[in-house]
Amino acid sequence: MKAAKYGIAVAVLLAILPLMASAELFIGHCRDRLPELNPLGMRCAGPGAEVIERALAYTGHQVEWVSVPWARTLYMAQRGAVDILPVHSMALARESYLLPIHYGSRSRSVYYFARAASTIRVASFDDLFQYRIGALRESFYSEQFNTAQGLDVFYATEPDQLINMLLHNRLDVVVTSSFHEPDLYFSNPRLTQLEYVEYFVNERYFSIPLASPMARHYQDIQQVVRLMRDRGEINEIYRLHGVPAPSRNPPLEP
């Protein structure tokens, strides 16, 4: 009986929400973050994009996707020049200008690589302070890495750039994670994984910039996503795409 009443309440809320505000067109920035996002011309494919499209449809709105590099997206978000940022972590630096909408959690692993012939050894995080490290610009790896003071970090825009710099001795170590195309590193015979790995549960969000005029719809959209999550609709979207769904309590996997 409780489940039936809950289902009716959800249906009623989702039915009346489009009547609560005028239809608006959100500008969303898509990027290559397989398997959750895949920019295809004027489309953004993948379950992460579909969750957003469905949540906006429930609230009477639509999204127009544009493919934009992540670093530029964050710059534009601070100025309200984009309305939707899909599939990201909420690093401390982003909390001042993004309104987060939580849709699940994933376990994350952070890895470090050196040249295969290198004698570099990294058995703990503190060992990293003696090396020059390559990372992707404006990417979140972990609070430990992103907030560490004193690390010598060079930032690039593409993983291939980091790998080439590492192989040409311009970097000592590169960092990646289970969310940053780790296969590019694991499959490269000229690289070797270092001993230290960080594991943690990573909350996953899409967000509306505080400076966006669409921020006025934040509460409605957040409420709809919570209902979608609670009734298993987000999990079903991911299942239909053949992608593991973000969980409420993901296992912490070594």
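Reply: A residue counts as buried under 20% relative accessible area, as exposed over 50%, and as partly exposed in between (1.4 Å probe, protein chains only). Gly 48, with a relative accessibility of 5%, is therefore buried. The model is predicted, so local features need pLDDT of at least 70 and side-chain atom pairs count only at pLDDT 80 or more, while totals for chains, interfaces and linings use all residues. Residues are numbered from 1 along each chain as its sequence is written, and side-chain values use heavy atoms, with hydrogens and water left out.

Gly 48 belongs to helix α2; helices (H or I, at least four residues) and strands (E, at least two) are DSSP runs, numbered from the N terminus. By that assignment the protein chain has eight helices and eleven strands, and buried residues account for 49% of its 254 residues. Contact is taken as heavy atoms within 4.5 Å. Apart from neighbours within four places in sequence, Gly 48 is in contact with Glu 36, Leu 37, Val 87 and Tyr 238. The C-alpha atoms of Gly 48 and Val 87 are separated by 6.2 Å, although these residues are 39 apart along the chain. For the protein chain, among contacts between residues at least 6 apart in sequence, 73% join residues at least 24 apart.

The packing of α2 with α8 comes next. These helices meet at an angle of about 135°, and their axes lie 9 Å apart; axes are lines fitted to C-alpha atoms, for helices over the stretch in contact, and angles run from 0 to 180 degrees between N-to-C directions. That angle makes α2 oblique to α8, where under 35 degrees counts as roughly parallel, over 145 as roughly antiparallel, 65 to 115 as roughly perpendicular and the rest as oblique. From α2, the contact is made by Pro 47, Gly 48, Glu 50, Val 51, Arg 54 and Tyr 58, and from α8 by Glu 233, Ile 234, Ile 237 and Tyr 238. By class, this contact of α2 with α8 has six nonpolar, one polar and three charged residues (Ala, Val, Leu, Ile, Met, Phe, Trp, Tyr, Cys and Pro count as nonpolar, Asp, Glu, Lys and Arg as charged, and the others, Gly among them, as polar).

Side chains of opposite charge can pair when their charged atoms come close. A salt bridge is a side-chain nitrogen of Lys or Arg within 4 Å of a carboxyl oxygen of Asp or Glu, and by this rule the count comes to seven. Glu 50 and Arg 54 form one of them, at 2.7 Å from N to O. Both residues lie in α2 (residues 47-58), four residues apart, or about one turn of the helix. Glu 50 is partly exposed at 23%, and Arg 54 is likewise partly exposed at 27%.

In α8 (residues 233-240), Glu 236 and Arg 239 are three residues apart, a separation of about one helical turn, and their side chains meet in a salt bridge at 2.6 Å, N to O. Glu 236 is partly exposed, at 35%, whereas Arg 239 is exposed, at 52%. Salt bridges that share partners join Glu 50, Arg 54, Arg 231 and Glu 233 into one network.
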